[in-house]
Amino acid sequence: MSHHHADNASLSLQRVSAIASVDAEQWNALVDDDHPFLRHEFLHALEASRAVCSATGWEPCHLTVWRGARLVAGMPCYRKFHSFGEYVFDWAWADAWEQAGGRYYPKALTAIPFTPAPGPRLLLSRDVEHDIVLRLFSQAWENDDVSSWHLLFAHDADIDIWQRAHPELVTRHGLQFQWRDDGYENFDGFLATMTSRRRKEIRRERRIVADQGLEIVRLVGEAIDQTALEHFFRCYRITYLERGQQGYLNFDFFQRLRDTMPRSMVLMQVRLEGRPVAAALCFQGTHTLYGRYWGSEVMAECLHFEACYYQGIDYCLSHGLTVFDPGTQGEHKLSRGFAPRRLRSLHYIDDPGLRDAVVRFCDEECRYIDAYARQALDALPFKR
């Protein structure tokens, strides 16, 4: 036992205001290969491109634990001055609190900016006890002026660890849609498990795309050249401009990713008579494909389904990936074989009054999500 205490005494917590000041190799050694968004390169591209900085309302303050000069734990963290770019919406909490005379921002956030993809949020070396690390991490915010701390899109294992250590954390439930390979072997094998009506419908949608003269070319890694990247970025911007918004991410961000982690990138480029007209950018881990950004310069029937869903499923089946996470939002994913997956987020709320209100909110929302998840399962197109 005493050896253990001596060991833990040598652990030190550091709050880091730029991921660049942590050695990339040490950070990445703690990251599981299925999760490209946790990589040092991804977090660094966000900060170096200034998409994430104090001026945009995201102040990096990553938590790290060291044993001497060796990084043994890390957790991406930000002080937030608004709630944009998170995809777990707490605007109602903020409004209620500000109306009651409280101050909701800044708040503390553990998430990957602009990236609603589930993954580990607590990076731990095998030789360090998680309860000690959690104790250090929870102390990190004690003298800060934040109203709350939010843990978003974390894996169940992380959520369970935090919940056991801190029963006062409020749990919020959510839902996403995911495709999983059930031993299909190929696209036809996947379709064979569906009702004949849905099978015909999907084949028809794919045919409509082909009949418009559109072809999809998959570019992976270094095959994504400057021209392809610039075209993709034009498409990405169009998606936001249509809604009168600016995208959160700039060209510099994507260029940095292409230069530092190209093998994680898969670009579905849509061409008409050899000329690119639309694009969907995905990221891949060791067994998951993550659908992320999409845009099109043309209005073409069923193209979104083809580029963002069917191509991804096809890519998974031909590259041995077993999960396709196509991003947020979702009813139209159900009928295409994406099943509901439950998610949980955790929230530490400092003020007891606000905490009680948030607990009530989350309980009520959870009942709605339970019902929605049941309906979603019934709406799946597979044969019973």
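**Reading the spaces and cores**

Mentor: About 40 Å³ of space lies in the largest cavity. The model is predicted: local features need pLDDT of at least 70 and side-chain atom pairs count only at 80 or more, while totals for chains, interfaces and linings use all residues. Residues are numbered from 1 along each chain as its sequence is written, and side-chain values use heavy atoms, without hydrogens and water.

Trainee: What makes a space a cavity or a pocket?

Mentor: On a 1 Å grid over the protein atoms alone, a cavity is a set of points where a 1.4 Å probe fits but cannot get out; a pocket is an open set with protein on both sides within 12 Å along at least five of seven lines. Volume is the space filled by probe spheres on points joined across faces, edges and corners. The whole structure has one cavity of 30 Å³ or more.

Trainee: Which residues line the largest cavity?

Mentor: Its lining is His35, Phe37, Leu38, Ile112, Ala117, Pro118, Gly119, Arg121 and Tyr290, each with an atom within 4 Å of a point. Six are nonpolar, two polar and one charged. Ala, Val, Leu, Ile, Met, Phe, Trp, Tyr, Cys and Pro count as nonpolar, Asp, Glu, Lys and Arg as charged, and the others, Gly among them, as polar. Arg121 is therefore charged.

Trainee: How much space lies in the second largest pocket, and what lines it?

Mentor: That pocket holds about 570 Å³. Tyr87, Phe89, Gly174, Leu175 and Ile369 are the closest to its centre among 22 lining residues. Strand E9 (170-180), strand E15 (339-349) and helix H13 (352-378) each give two or more residues, and E9 gives the most, with six. Helices (H or I, at least four residues) and strands (E, at least two) are DSSP runs numbered from the N terminus. By class, the lining has 10 nonpolar, eight polar and four charged residues.

Trainee: Why is a set of residues called a nonpolar core?

Mentor: Because its members are buried Ala, Val, Leu, Ile, Met, Phe, Trp, Tyr and Cys residues joined through side-chain atoms within 4.5 Å. The largest such core has 49 residues, and Phe42, Phe232, Leu249, Phe253, Phe254 and Tyr293 have the most contacts inside it. Among the elements giving two or more residues are helix H3 (40-48), helix H9 (226-241) and helix H10 (251-260); H9 gives the most, with seven. A second, separate core of 42 residues includes Ile216, Val277, Leu334 and Leu380.

Trainee: What is Phe253 in contact with?

Mentor: Leaving aside neighbours within four places in sequence, Phe253 is in contact (heavy atoms within 4.5 Å) with Phe42, Ala45, Leu46, Ser49 and Tyr293.

Trainee: How many residues reach pLDDT 70 or more?

Mentor: 97% of them do, and the protein's mean is 94, where pLDDT is the predictor's confidence in each residue, from 0 to 100. Residues 1-6 are below 50, and this stretch has one contact beyond near neighbours in sequence.

Notes: Buried means under 20% relative accessible area, exposed over 50%, partly exposed in between (1.4 Å probe, protein chains only).
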